[in-house]
Amino acid sequence: MRFCKAKQFHYFAPCLFVIFAPMKTILITGSTSGIGLGIAREFAKTKNYSIIFNGLETNGREIAEAIGKEFGIEVMFHGANMLQPAEIRAMVAEGITRFG
């Protein structure tokens, strides 16, 4: 598992976790299914984080909203393709705008 510390966020591969400090916002790629969804649910249980969900599922927004409602946290879904740098930048910018 790789770890990278950049100016505004940390990330771990293969699932990408981005923690925007100091607002405790996490971006988790692949968070609409499988391991990514399990990780998102675990962070949601703490109720200490806002979560930005990312995935390719057509119902990704509904998955994110259901978890937000279940755990009483703020969520956002963005369907950025992780192979497209412009889409990744747009997703991060939207997260910063929304959650600080």
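**Exercise 1. Determine whether Thr32 is buried or exposed, and identify its surroundings.**

*Solution.* Thr32 has a relative accessible area of 4% and is therefore buried (buried means under 20% relative accessible area, exposed over 50%, partly exposed in between, with a 1.4 Å probe and protein chains only). The model is predicted: local features need pLDDT of at least 70, side-chain atom pairs count only at pLDDT 80 or more, and totals for chains, interfaces and linings use all residues. Residues are numbered from 1 along each chain as its sequence is written, and side-chain values use heavy atoms, with hydrogens and water left out.

Finally, list its partners. Leaving aside neighbours within four places in sequence, Thr32 is in contact with Leu37, Asn54, Gly55, Leu56, Glu57, Gly60, Ile63 and Phe77 (contact means heavy atoms within 4.5 Å).

**Exercise 2. Describe the position and contacts of Phe77.**

*Solution.* Phe77 is part of strand S6, residues 75-78. Its relative accessibility is 12%, so Phe77 counts as buried. Beyond the neighbours within four places in sequence, Phe77 touches Thr32, Phe53, Asn54, Gly55, Glu57, Gly60, Arg61 and Ala64. Ser31 and Phe77 are 46 residues apart along the chain, and their C-alpha atoms are separated by 9.5 Å.

**Exercise 3. Determine which residues of H1 are buried, and what they pack against.**

*Solution.* Helix H1 spans residues 34-46, and Gly36, Ala40 and Ala44 are buried in it. Seen down the axis of H1, the buried residues fall within an arc of 75 degrees, so they line one face of the helix (the arc is that of the directions from the helix axis to the C-beta atoms). The general rule is that an α-helix has 3.6 residues a turn, so residues three or four places apart point the same way.

The buried residues of H1 pack against strand S4 (25-29), strand S5 (50-54) and helix H2 (60-71). On the face turned away from the buried side, H1 carries the exposed residues Gly34 and Ile35.

**Exercise 4. Characterise the packing of H1 and H2.**

*Solution.* Begin with the geometry: the two axes come within 10 Å and cross at roughly 25 degrees (axes are lines fitted to C-alpha atoms, for helices over the stretch in contact, and angles run from 0 to 180 degrees between N-to-C directions). H1 and H2 are therefore roughly parallel to each other (angles under 35 degrees count as roughly parallel, over 145 as roughly antiparallel, 65 to 115 as roughly perpendicular and the rest as oblique).

Then list the residues: Leu37, Arg41, Ala44 and Lys45 of H1 make the contact with Ile63, Ile67, Glu70 and Phe71 of H2. By class, this contact has five nonpolar, no polar and three charged residues (Ala, Val, Leu, Ile, Met, Phe, Trp, Tyr, Cys and Pro count as nonpolar, Asp, Glu, Lys and Arg as charged, and the others, Gly among them, as polar).

**Exercise 5. Describe the backbone and exposure of Lys47.**

*Solution.* Lys47 is found in the loop between H1 and S5, just after H1. Phi of Lys47 is near 60 degrees, a positive value in a residue other than glycine. In general, most residues other than glycine have a negative phi. With a relative accessible area of 53%, Lys47 is exposed.

Notes. Helix = DSSP H or I, 4+ residues; strand = E, 2+ residues; numbered from the N terminus.
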